[in-house]
Amino acid sequence: MNKTEIKDFKKFSTNYRQNRLTVNPATLDEYLEKARVENVIPQAFVYPEKMYGKDFWLSIHDEWMNMILQSRAEKAESDQLESFGLEIIDVQSRTGNAWLPKNTCSLNLKGGKRLTLNMEHSKMVAKKLSTHMLLTRSRQTADVVLMFNRQKGIEVKFRPGCSSLQFNNAGLANNLIELLDLDLAQEYFLLDIELLAETKDYLLFMIKKK
């Protein structure tokens, strides 16, 4: 187990000390250093027979494994982005940005001008390995469209561990304000955004005023 996993598990020290299996080391620290993370709870101690019995500890084990698997998945995704040499432009890890509703993006004019995609669309851009984004408009319908591609436009950069892709770009923000006829009296806008088309090389998202 690594240091973080050991720290999270230390709350079980009392049960280990009182009920440890005889084949295990005398101290919890020694046990944690040698134990496999997927076996650390089931093989730590004899389940107490009273209030916290076998079902309780197996439930804790399930929660523990869900946390570990999620952590490993996030680490793998982070390592993959790092291997591509990509990082996000000036992303702030704030709840308001990380948890934008589905099919919603935001334009924030406070302290700069920043467009933020929701987590779902940010992951789509990352998986497509898009390196650039163009602001375009349909000749037929005049709809505003963001085109993610690998050749032309504003550079896309990802920072490992961040959930939402942001663009700190005044030109982009000013164009969106004009094209979408946004009220400058507001400083923060939630905008509708939906996937319009996807090919092997690009993603198209249509963006509208709510």
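What follows is a quick chat about salt bridges in this predicted model.

Q: How many salt bridges does the structure hold?
A: Five. Keep in mind that the model is predicted.

Q: Which residue does glutamate 198 pair with?
A: Lysine 128. The closest N and O atoms are 2.9 Å apart.

Q: Is lysine 128 buried or exposed?
A: Buried, at 12% relative accessibility. The cut-off for buried is under 20%.

Q: What about aspartate 192, what does its side chain meet?
A: Lysine 210, in a salt bridge of 2.5 Å, N to O. Aspartate 192 lies in strand β7 and lysine 210 in the segment after β8 (203–209), so the pair ties together parts 18 residues apart in sequence.

Q: And is lysine 210 buried or exposed?
A: Exposed, with 56% relative accessibility. Aspartate 192 is partly exposed, at 30%.

Q: Switching over: what is the N to O distance for glutamate 38 and arginine 36?
A: 2.4 Å, in a salt bridge between their side chains. Arginine 36 is exposed, with a relative accessible area of 53%. Glutamate 38 is partly exposed, at 25%.

Q: Which residues are linked in a network?
A: Arg150, Lys200 and Asp201 are, through salt bridges.

Q: Why do such side chains pair up at all?
A: Because opposite charges can pair when the charged atoms come close.

Technical notes
Residues are numbered from 1 along each chain as its sequence is written. This is a predicted model: local features need pLDDT of at least 70, side-chain atom pairs count only at pLDDT 80 or more; totals for chains, interfaces and linings use all residues. Side-chain values use heavy atoms; hydrogens and water are left out. A salt bridge is a side-chain nitrogen of Lys or Arg within 4 Å of a carboxyl oxygen of Asp or Glu. Buried means under 20% relative accessible area, exposed over 50%, partly exposed in between (1.4 Å probe, protein chains only). Helices (H or I, at least four residues) and strands (E, at least two) are DSSP runs, numbered from the N terminus.
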